[in-house]
Amino acid sequence: MKENVKSELFMQILYDNIAYNENLIFDWGFSCIIEIGGKNILFDTGAKGDILMGNMEKLSIDPKNIDYVFISHDHWDHTGGLEEFLKINNNVKVFLLKSFSDKTKQIVKNNNAEIIEIENEQRIFENIITTGDMIGEKHEHSLIIETSKGNIIIAGCSHPNIVNIINKAKKLSDNDILLVTGGFHYLHDNIEQINNNISKLKSFNIKYIAPSHCTGDLAIKQIKQSFGNKFIDSGVGKIFTEI
Ligand SMILES: [Zn+2]
Ligand SMILES: [Zn+2]
């Protein structure tokens, strides 16, 4: 599919409000592609289908090569591109939470794609686990990808708090944590709340941390300062293959 697909894992952010690759459109929302073990998984779909499709085209990622869609939670900035994606490729299985709205489930059904409803933690592939439904401000599940270098934890918005997500991930798979990425949702928090969460994040032995989307500028600045060379700049277009 791509020249760099030879490595064990290819992961790239396709939709984010943080500009990383200036050739792509940045817009509020989150989506990334995960290619591992011959499977292509679209994690979330951003807010607008035309932006998602446009960014994929610029990156020479063919939506027809996607096999699975994983929707982290039922917010518009993660589900918004789903319908337009399914109109191009409905030959996919869509992982979502049983607690999602009928409206979102109906988008999948109307486009004749297959729904897989998740409730509890579950190994969905040999090396990929979902945390199952975690309740925060919104029901959400996150992915744990087991690689030879350690586990990657990807969260859409981290409404249940990324600290709780990492705690659950560690219970489900106790490998070293290679990378924690996605939206950490500290954008409404004050500096004390942020620093309190950062000290909890620091207690995990995380090799790399790459927050984006709804983490918030202040939290990103604090995480960068606190994690030093373990911090990775992220945003739309960021590739994680090289870690
Ligand atoms: Zn979001
Ligand atoms: Zn959200």
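Okay, let's start with one residue, Val69. Leaving aside residues up to four places away in sequence, Val69 touches Leu42, Val92, Val94 and Phe95. Keep in mind throughout that this is a predicted model. The chain has a mean pLDDT of 95, and 97% of its residues reach 70 or more. Over residues 1–7, though, the pLDDT is below 50, and that stretch has ten contacts in the model beyond near neighbours in sequence.

Val69 belongs to the largest nonpolar core, which has 65 residues. Which members touch the most others? That would be Leu14, Cys32, Ile34, Phe43, Val69 itself and Ile153. As for which strand gives the most to this core, it's E2, residues 30–36, with five residues.

Now, E2 is part of a sheet, so let's look at that. Six strands make up an open sheet, and the order is E1-E2-E3-E4-E5-E6, with mixed pairing. Which strands sit at the edges? Those are E1, residues 9–16, and E6, and each of them pairs on one side only. Going from one strand to the next, the twist averages 20°.

Let's zoom in on the E1 end. E1 and E2 run antiparallel, and seven bridges join them. If you want a pair to find on screen, take Phe10: its bridge partner in E2 is Glu35. Lying across E1 and E2 there's a helix, H1, residues 49–58, and H1 runs at about 140° to E1.

Next, helix H4, residues 102–110. Which of its residues are buried? Thr104, Ile107 and Val108. Those three cover an arc of only 95° around the axis, and that's why they end up on the same side of H4. A quick reminder on helices in general: with 3.6 residues a turn, residues three or four places apart point the same way. The face of H4 turned away from the buried side has exposed residues: Asp102, Lys103, Gln106, Lys109 and Asn110.

And what covers the buried residues of H4? The cover includes helices H2 (76–79) and H3 (82–88), plus strands E5 (93–97) and E6 (114–118). After H4 comes Asn112, which has a positive phi, near 60°.

Further along there's a hairpin, made by E7 and E8 with two residues between them. E7 is residues 122–125 and E8 is residues 128–130; they run antiparallel, with three bridges joining them. Look for Phe125, which stands opposite Ile128 in E8.

Last stop, helix H7, residues 217–227. Its buried residues are Ala219, Ile220 and Ile223. Why do they line one face of the helix? Because, seen down the axis of H7, they fall within an arc of 100°. On the other side of H7 you'll find Asp217, Lys221 and Gln225, which are exposed.

What do the buried residues of H7 pack against? Helix H6, residues 191–203, and strand E14, residues 206–212. Just after H7 comes Gly228, with a positive phi of about 55°.

Start from Val69 and its contacts, including Leu42 and Phe95.

Technical notes:
Residues are numbered from 1 along each chain as its sequence is written. Chains are lettered from A and ligands numbered from 1 in the order in which they are written. This is a predicted model: local features need pLDDT of at least 70, side-chain atom pairs count only at pLDDT 80 or more; totals for chains, interfaces and linings use all residues. Two strands pair if DSSP finds at least two bridges between them. Helices (H or I, at least four residues) and strands (E, at least two) are DSSP runs, numbered from the N terminus. A residue is buried if 20 or more other C-beta atoms lie within 10 Å of its own, exposed if 12 or fewer, and partly exposed in between; C-beta atoms are placed from the backbone. The arc is that of the directions from the helix axis to the C-beta atoms. Two residues are in contact if their C-beta atoms, placed from the backbone, lie within 7 Å. A nonpolar core is a set of buried Ala, Val, Leu, Ile, Met, Phe, Trp, Tyr and Cys residues joined through C-beta atoms within 7 Å. Axes are lines fitted to C-alpha atoms, for helices over the stretch in contact, and angles run from 0 to 180 degrees between N-to-C directions. pLDDT is the predictor's confidence in each residue, from 0 to 100.
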